[in-house]
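Visitor: Please take me through the nonpolar core and the aromatic rings. I would like one close look, with the cut-offs spelled out.

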Amino acid sequence: MVWRRVSFKAAAIAAVLLCAAAPAGAQSHYRSRISIGGHAGATMSRIDISPSVPQSMLQGYMGSVRVRYAEEKLFGLVAELGVAQRGWKEKFEDSPLQYRRQFTYLTLPVMTQIIFGSRRVKCFVNLGPEVSYMLGESTSANFDYTRPTAAPGWPDVPRQTEQMVMPVKNKFDYGITGGVGCEFYVQPRHSLTLEVRYYFGLGNVFPSSKADTFSASRCTSIEAAVGYYFKLK
C-alpha cells in the first residue's frame, strides 16, 4: 500500500510537471515578429473648448511610418511617426458665414496592440499614449474674422469670438489614442490594414489659467486610414 501511495504521488507530480513544461516548451518555439510599414487617410476633428463654441467637424489628412514588434502570439507594440491635421470649423445656423482653423501636428503614438483572428485575416485593437508638436497652422474665412461681429449675417445670439484670433499658447500636445481595425495577409510577409482611430487630447491649445477666456481647448479627432506592413522577421 505504501508503495502504491508513493507511486501515485510520483505520477501526480510528474503529470503536473509535464503540464507546466508544455506551455513553456510551446512558448520557446514561438518567434518574435518585426514589421515595418505606413498608413495614410483622413481626419475629422474638432476642439473641446470651454466656454463652448458652435462647431462642426473639420476634415484633414494624416499619414505616418510605423514599426510593429510582436513578442507574444496575441500581443504587440506599435510605434508611429507621422503628420496629422486637427482643428475645428465654426458652425453658423442659417448663415453663409464660414470659418475654419487648422493645426498640423508631428505625431508620435506608442500603442499596445491586441491581435486575434485567422491566419489570413486578423482583427486588432490599438491603445496607448500619443505626443505631438504643432508644425504650423492656417485660418480661412469668408469674412474679416478680426472683426467678426461686423460681418453681414453675423448671428444675433451672443457667442465666443476670441478663439478666432487668439494665438496658440501650447504647441506641444499629448493625449490618448485608440482604434480598431483589420489586417489582411496577401502573402506571408505582406499585409494590408484598415483602421479607424480616435484621439483625445489632454493638453490645451490656448491659455487656460483662471484669468484667461478659456478653461479648456483640447483637440479631438477621428482618423480613418489604410496601411501596409512588411514583415522583416
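**Core and rings**

Guide: Among the 20 residues of the largest nonpolar core, F92, F103, F143, V205 and F206 touch the most other members. Such a core is a set of buried Ala, Val, Leu, Ile, Met, Phe, Trp, Tyr and Cys residues joined through side-chain atoms within 4.5 Å. Buried means under 20% relative accessible area, with a 1.4 Å probe and protein chains only. Strands β1 and β5 (99-117) are the elements that give two or more residues to this core. β5 gives the most, with three residues. Strands are DSSP runs of E, at least two residues, numbered from the N terminus.

This is a predicted model: local features need pLDDT of at least 70, side-chain atom pairs count only at pLDDT 80 or more, and totals for chains, interfaces and linings use all residues. Residues are numbered from 1 along each chain as its sequence is written, and side-chain values use heavy atoms, leaving out hydrogens and water.

Take F103. Beyond its neighbours within four places in sequence, F103 is in contact (heavy atoms within 4.5 Å) with residues including W88, M134, V168, V205 and C219.

Now the rings. The whole structure holds ten aromatic pairs. The ring centres of F206 and F214 lie 6.2 Å apart with planes at 35 degrees, so this pair is tilted. Rings of Phe, Tyr and Trp (its six-membered ring) pair if their centres lie within 6.5 Å; planes under 30 degrees apart are stacked, over 60 edge-to-face, the rest tilted. F206 and F214 are both buried. Ring pairs join W88, Y99, F103, Y105, Y145, F206 and F214 into a cluster.

Notes
Buried means under 20% relative accessible area, exposed over 50%, partly exposed in between (1.4 Å probe, protein chains only). Helices (H or I, at least four residues) and strands (E, at least two) are DSSP runs, numbered from the N terminus.
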